[in-house]
Amino acid sequence: MALFMNYAYLLTGGNLGDRTENLHQAEIWIDRQAGRVIKKSALYETAAWGNVLQPDYLNQAILVETNLTAIELLRTLLQIEKQLGRLRQEKYGARIIDIDLLFFNNEIIHLPNLSVPHPQLQNRRFVLVPMTEIAPQFVHPQLKKTIETLLSSCPDPLDVKKFYATNGVK
């Protein structure tokens, strides 16, 4: 018996420790516990957003095929963050890992602990640039615009650069 599969777009990010390795570990744990990773963007580096007095972030967009519901997926992602050492201390604070649920199929979900699509993604280049790499024509279910269109009109001035680790330096 085949299970109905859900498709979720995630954004991983972090700015503490070995950022590249932390995102790699997040991908491994997502694949093991949340669902099969079927597509991922390159890594992108961006200055911190919100609380700007902290190290630059690395971010990556990931498409996951899962048989979990949206709320089950959120709980799993929060558990993965905890397993990887995430401490929730301050809003927009530095962190080892952050895993955001951006989209879940084409659903619009408003629950006390879960809003899908992610309510601010259209205002953040660090989300839209990696998303454009893996799903430029995906249509935001509320705004009815493609990711590519949202990026072209995004008000966020922060520069988002493809990240290349050189000589083992991250």
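Biologist: In this predicted model, are Arg 19 and Glu 45 buried or exposed?

Modeller: Arg 19 is buried, and Glu 45 is buried as well.

Biologist: What makes Arg 19 and Glu 45 a salt bridge?

Modeller: Their closest N and O atoms are 2.9 Å apart. The cut-off is within 4 Å, so the pair qualifies as a salt bridge.

Biologist: Which parts does the pair of Arg 19 and Glu 45 tie together?

Modeller: Arg 19 lies in helix 1 (residues 19-33) and Glu 45 in strand 3 (residues 44-46), so the link joins parts 26 residues apart in sequence.

Biologist: How do you know that Lys 40 and Glu 27 form a salt bridge?

Modeller: The N to O distance between their side chains is 3.0 Å, and the rule asks for within 4 Å. Lys 40 belongs to strand 2 (residues 36-40) and Glu 27 to helix 1, so this pair connects parts 13 residues apart in sequence.

Biologist: Why is Lys 40 called partly exposed?

Modeller: Its relative accessibility is 41%. Buried needs under 20% and exposed over 50%, so Lys 40 falls in between.

Biologist: Why does Glu 27 count as buried?

Modeller: Glu 27 has 15% relative accessibility, and the limit is under 20%, so Glu 27 is buried.

Biologist: What makes Glu 65 and Arg 36 a salt bridge?

Modeller: The N to O distance is 2.9 Å, against a cut-off of within 4 Å. Glu 65 is in strand 4 (residues 57-66) and Arg 36 in strand 2, 29 residues apart.

Biologist: How many salt bridges does the rule give?

Modeller: The count is 4.

Methods
Residues numbered from 1 in each chain as written. Predicted model: local features only at pLDDT ≥ 70, side-chain atom pairs only at ≥ 80, totals over all residues. Heavy atoms only, no water. Helix = DSSP H or I, 4+ residues; strand = E, 2+ residues; numbered from the N terminus. Buried < 20%, exposed > 50% of the residue type's maximum accessible area, 1.4 Å probe, protein only.
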